[in-house]
Amino acid sequence: MAAPLKRCLVRRRDGREQHGVAASCLRELRDKASGILAIDKAREPITLVLAEDGTIVDDEDYFLCLPSNTKFVALAKNEKWSSKSLDSSTAWLSESVDEVDSAAEKWKQLARQLKDDLSNIILMSEEDLQVLIDVPRSDLAEELAQSQTKIQVLQDTLQQVLDRREEERQSRQLLGLYLEALKNEDSILSKVAESETVPRKEMDVVDTGTSSTGTPAKTALSDQILAALKEKPAPELCLDSQDLELVLKEDTQALASALRWDKQKAETLQQACDQELSKRLQQVQTLHSLRSTSKGKKTLPWGDWPSSKRKK
């Protein structure tokens, strides 16, 4: 009695066209596949593998156990099956399902960690915390075998941990700015202290000769300040803030006469002193602002953190 025919689908490794074949045994299927797919005799014998996962089918009994319309890939001599040989019409679907399964498996794995020990929260990354926060409450309740009310409390707690980490990050950034401002203030104070260690003469009125109008030109600047202005390449950096103010208040023509400069050069010097003084004042204001902000920060108790979910 002849064995019943079984319907099968065959194609080449890199081909997309499938051919229907009816065969009563594995050998018959192999012979028909060689003819239908036009495989050269020199490249025989062919090997039949399952298109789904590349399983080699070389056992007659195994072939008879396969259902009808099973898909086969015919491999010629020296050819090997690879995952790229999957049916292109369903490959994208398989990848999509894998991604979904991977995402679902991740939140379930995280949920099991919390079920084993709730303190595992502190070991989770911010990304993991956000994954558990975004899981539907009903799904998480089912996975942890808890009521939705308790799951709401759990997700609120996770959100509090996430918010606290964000607050700590902002505090570290603020501390960095504060330390930077302290460095700038220390630099200014060191210059002031250095200038105060040098013995200063009284602020005598100095007669510097005659002005262009024939009247004696006088300045209230000390010999020390005049020497610094005349000899230093960047005198505005060597003077303290009080001396800078004196230079700015000085008459430009009198300053030029005292230094034996032209008026334009004296104006340039006063502009440089003005810019340096403004810069120092701005640094001091920034430092005071940072100190006020730091003192005004209050640490909220655990239960007072906002429970609203952070936008992603």
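Q: Which residues of helix H1 (residues 26-36) are buried?
A: Leu26, Leu29, Ala33 and Ser34 are buried in H1. Buried means under 20% relative accessible area, exposed means over 50%, and partly exposed lies in between, with a 1.4 Å probe and protein chains only. This is a predicted model, where local features need pLDDT of at least 70 and side-chain atom pairs count only at pLDDT 80 or more, while totals for chains, interfaces and linings use all residues. Residues are numbered from 1 along each chain as its sequence is written, and side-chain values use heavy atoms, with hydrogens and water left out.

Q: Why would residues three or four places apart point the same way?
A: An α-helix has 3.6 residues a turn, so residues with that spacing point the same way.

Q: And what is on the other side of H1?
A: Arg27, Asp31 and Gly35 are there, and they are exposed.

Q: What do the buried residues of H1 pack against?
A: They pack against strands E1 (6-12), E2 (19-23), E3 (47-50) and E4 (70-75), and against helix H2 (60-65). Contact means heavy atoms within 4.5 Å. Helices (H or I, at least four residues) and strands (E, at least two) are DSSP runs, numbered from the N terminus.

Q: How does H1 run relative to E2?
A: H1 runs at about 150 degrees to E2, and lies across E1, E2, E3 and E4. Axes are lines fitted to C-alpha atoms, for helices over the stretch in contact, and angles run from 0 to 180 degrees between N-to-C directions.

Q: What comes just after H1?
A: Alanine 38, which takes a positive phi of about 55 degrees.

Q: OK, the sheet. What is the strand order?
A: The order is E2-E1-E4-E3, in an open sheet of four strands with mixed pairing. Two strands pair if DSSP finds at least two bridges between them.

Q: Which strands stand at the edges?
A: E2 and E3 do, each with a single partner strand, so one side of each is left without a neighbour in the sheet. From one strand to the next, the twist averages 40 degrees.

Q: How many residues of E4 are buried?
A: Five of the six are buried, so E4 is largely enclosed by the rest of the structure.

Q: Do the E4 pairings run parallel or antiparallel?
A: E1 and E4 run parallel and are joined by five bridges. E3 and E4 run antiparallel, with four bridges between them.

Q: What is the bridge partner of arginine 12 in E4?
A: Alanine 74 is the partner of arginine 12. Alanine 74 is also the bridge partner of leucine 48. Threonine 47 stands opposite leucine 75 in E4.

Q: Switching to charges. How many salt bridges are there?
A: A search of the whole structure finds 11. A salt bridge is a side-chain nitrogen of Lys or Arg within 4 Å of a carboxyl oxygen of Asp or Glu.

Q: Which residue does glutamate 28 pair with?
A: Glutamate 28 forms a salt bridge with lysine 32, with the closest N and O atoms 3.2 Å apart. The two are four residues apart in H1, separated by about one helical turn. Glutamate 28 is partly exposed at 22% relative accessible area, and lysine 32 is partly exposed at 34%.

Q: What about lysine 106 and aspartate 128, where do they sit?
A: Lysine 106 is in helix H3 (residues 88-116) and aspartate 128 is in helix H4 (residues 126-134), 22 residues apart. Their side chains meet in a salt bridge (3.7 Å, N to O). Lysine 106 counts as partly exposed at 30% relative accessibility, whereas aspartate 128 is buried at 16%.

Q: Which residues do salt bridges join into one network?
A: Arg12, Arg43 and Glu79, through salt bridges that share partners.

Q: Last one, the whole protein. How many helices and strands?
A: The protein has 11 helices and six strands. Buried residues make up 30% of its 312 residues.
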